[in-house]
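Me: I have a model to go through with you. Please set each label against its definition.

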Amino acid sequence: MTSLGRTQADFQDFLLGRSTSIVEQVRGNARIGESDLLHVYRHGYWARQVEALANDFPGLCGLLGVAAFDRLSRDYVAASPSRHPSLRWLGRGLASHLDQFPVEAQPLAAGMARFDWAVAQAFDARDQIAVAMTDILALPPTAWESLRLAFTEAVSDLVADSSIGELRRAILHDAGEMPAAGEIDQRWIVWRQDEDIQYRPLADDEAAAFDLIRDGATFGSMCQLLSDHCRHPAAAVRSAEILKDWLDRGLVAEIAHDAAVSA
């Protein structure tokens, strides 16, 4: 390793609290000693990452409180140092960290982290032109069976407490009294429509249909799923309702089918 590389590695070890050998390579001045000088950088390093996480996880920060969130952030960064040049991706493993090291006083923490991360992902996703109902209606009747949909990059789903959406809204708007935990796991979908972040719970049959379509299955397979596995008495109607809702909310970016188009 070159001298510069060794110095950089020693400096990183100091920032992460793994070694103090860098102190011997630094000279202070009349105003500040080498140890104090280095601690300025260490403080700035940790403070900036905690700030970045607080920006991406406002619901979690509000749920835990500033002091507890600060401790969680430092524990997380120490266990999972950033490996990406952008701080935007620093928090991608925070929910998994909470799964492994749950906050005993707040059982909803991991779910809130997933929710916050999904919102951040939806906000940062690239703009895409959503497919409209008129695009679907223009297809030949033979296309419906093989119709495939691709969701926009802003769409994601997660499992969290059934109260998580209402709780996050109350936290961000400083509503005072917080809603009680639902204590029931719920599938949620999060997306961006125009400039607004949207989210809502998914019914069991829609969640199953969502998984199927996201994995590349056809609309015909979705109808069959609702009929056979979800035992829906009006599977075709329910499939059409789900499809229309996805289109109305701007969730679909692309459509494809196998039917030949006559000249």
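Me: Why is S239 called buried?

Reply: S239 has a relative accessible area of 0%. Buried means under 20%, exposed over 50%, and partly exposed in between, with a 1.4 Å probe and protein chains only. So S239 counts as buried. This is a predicted model, in which local features need pLDDT of at least 70 and side-chain atom pairs count only at pLDDT 80 or more, while totals for chains, interfaces and linings use all residues. Residues are numbered from 1 along each chain as its sequence is written, and side-chain values use heavy atoms, with hydrogens and water left out.

Me: Where does S239 lie, and which residues is S239 in contact with, leaving aside neighbours within four places in sequence?

Reply: S239 lies in helix α11. Helices are DSSP runs of H or I with at least four residues, strands are runs of E with at least two, and both are numbered from the N terminus. Beyond those neighbours, S239 is in contact with F219, M222, C223 and L226. Contact means heavy atoms within 4.5 Å.

Me: Which residues of α10 are buried, and what covers them?

Reply: Helix α10 covers residues 219-228, and its buried residues are F219, G220, M222, C223, L225 and L226. The cover includes α9 (204-214) and α11 (235-248).

Me: How do you know that the span of α4 agrees with its residue count?

Reply: Helix α4 has 14 residues, 66-79. The expected span is 1.5 Å times one less than the number of residues. That gives 20 Å, and the end C-alpha atoms are 20 Å apart, so the two agree.

Me: What makes the buried residues of α4 line one face?

Reply: F69, L72, S73, Y76 and V77 are buried in α4. Seen down the axis, they fall within an arc of 125 degrees, so they line one face of the helix. The arc is taken from the directions from the helix axis to the C-beta atoms. An α-helix has 3.6 residues a turn, so residues three or four places apart point the same way. The face of α4 turned away from the buried side carries the exposed residues R71 and A79.

Me: Why are β2 and β4 called edge strands?

Reply: Three strands form an open antiparallel sheet in the order β2-β3-β4. β2 (156-161) and β4 (196-201) each have a single partner strand, so one side of each is left without a neighbour in the sheet. The twist averages 30 degrees from one strand to the next. Axes here are lines fitted to C-alpha atoms, for helices over the stretch in contact, and angles run from 0 to 180 degrees between N-to-C directions.

Me: What makes β3 and β4 a pair?

Reply: Two strands pair if DSSP finds at least two bridges between them. β3 (residues 185-193) and β4 have six, in the antiparallel sense. So they meet the criterion. W191 stands opposite Q198, and I189 stands opposite R200.

Me: How many bridges join β1 and β5?

Reply: Four bridges join β1 and strand β5 (residues 252-256), again antiparallel. F151 of the pair stands opposite V252 in β5. L149 and F151 make up the covered face of β1 (residues 148-151), and R148 and A150 the uncovered one.

Me: What is the phi of D194, and is D194 buried or exposed?

Reply: The phi of D194 is near 60 degrees, a positive value in a residue other than glycine. Most residues other than glycine have a negative phi, and most peptide bonds are trans. D194 sits in the hairpin of β3 and β4, which has two residues between the strands. Its relative accessible area is 65%, so D194 is exposed.

Me: Why is A118 called buried?

Reply: A118, in helix α6 (residues 109-124), has a relative accessible area of 5%, so A118 is buried. Not counting residues up to four places away in sequence, A118 touches S156, L158 and V190. The C-alpha atoms of A118 and V190 are separated by 6.4 Å, though the two are 72 residues apart along the chain.

Me: What makes S163 and G182 a polar contact?

Reply: A polar contact is a pair of N or O atoms within 3.5 Å; within protein, one must be able to donate a hydrogen and the other to accept it, and residues adjacent in sequence count only if both atoms are side-chain atoms. The backbone nitrogen of G182 lies 3.4 Å from a polar atom of the S163 side chain. S163 is found in the loop between β2 and α8 (164-172). S163 is buried, at 5% relative accessible area.
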